[in-house]
Amino acid sequence: MAAPEAVTVASGGAIASVPSKAIQLQLEPSPGIKFPAASGIKKQAIPQNSFSGWFKIDAIAKPGLYQITIPDHSWIDVVQNDELVQSTAFSGDPECKTLRKSVQFELGSGPVIVQIGGSAEKTMKLTVREADKK
């Protein structure tokens, strides 16, 4: 996450597969965002002066446990097969400005949508990685 290189994607954009580096997501004002799937967080819980966005990963090549890590207290949804994927685990450190929150999801092969809601910043660097099973 601290490395300067990142794959940049605009809200509503797509990347071919899970990249080996971070993703720099360009967010939009939250009140105007239209997510592909209803979020798991109530709309009124997202601050009006925040930023939100989403992107598609065209193909998860290897089914398994994946971890999404973000630098702030935003909401993370993952959508696969037109349904929200329930998280299997999460961790976080409110004092850390780089790795604030990590959420794990069990994903099948095929396309996935990642939705981020309620960020204080207009851009967010995040990672999507295969997770270690413990």
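This dialogue walks through a few features of the predicted model.

Reader: What should I know before reading the numbers?

Author: This is a predicted model, in which local features need pLDDT of at least 70 and side-chain atom pairs count only at pLDDT 80 or more, while totals for chains, interfaces and linings use all residues. Residues are numbered from 1 along each chain as its sequence is written, and side-chain values use heavy atoms, with hydrogens and water left out.

Reader: How many salt bridges does the structure hold, and which residue forms a salt bridge with lysine 62?

Author: A salt bridge is a side-chain nitrogen of Lys or Arg within 4 Å of a carboxyl oxygen of Asp or Glu. The structure holds one, in which lysine 62 is joined to glutamate 130, with 3.4 Å between the closest N and O atoms. Lysine 62 sits in the loop between strand E5 (51-60) and strand E6 (64-70), and glutamate 130 in strand E12 (residues 123-130), so the pair ties together parts that are 68 residues apart in sequence. Helices (H or I, at least four residues) and strands (E, at least two) are DSSP runs, numbered from the N terminus.

Reader: Are lysine 62 and glutamate 130 buried or partly exposed?

Author: Buried means under 20% relative accessible area, exposed over 50%, and partly exposed in between (1.4 Å probe, protein chains only). Lysine 62 is partly exposed at 49%, and glutamate 130 is partly exposed at 45%.

Reader: How is strand E3 placed, and which strands pair with E3?

Author: Two strands pair if DSSP finds at least two bridges between them. Strand E1 (residues 6-10) and E3 pair in the parallel sense over five bridges, and alanine 6 stands opposite alanine 22 in E3. E3 and E12 run antiparallel and are joined by four bridges, with glutamine 26 having threonine 123 in E12 as its bridge partner. Four of the five residues of strand E3 (residues 22-26) are buried, so this strand is largely enclosed by the rest of the structure.

Reader: What lines the largest pocket?

Author: Rolling a probe the size of a water molecule over the atoms shows where empty space is left. On a 1 Å grid over the protein atoms alone, a pocket is an open set of points where a 1.4 Å probe fits, with protein on both sides within 12 Å along at least five of seven lines, and lining residues have an atom within 4 Å of a point. The largest pocket has a volume of about 280 Å³, a volume being the space filled by probe spheres set on the points. Its lining has 14 residues, of which Ser30, Ile33, Phe35, Lys43 and Ile46 are the closest to its centre.

Reader: Which strands supply the lining of the second largest pocket?

Author: The second largest pocket holds about 240 Å³ of space, and of its 13 lining residues the closest to its centre are Trp75, Ile76, Ser87, Val103 and Phe105. Strand E7 (75-80), strand E9 (87-92) and strand E10 (101-107) each supply at least two residues of this lining, and the largest share, four residues, comes from E7.
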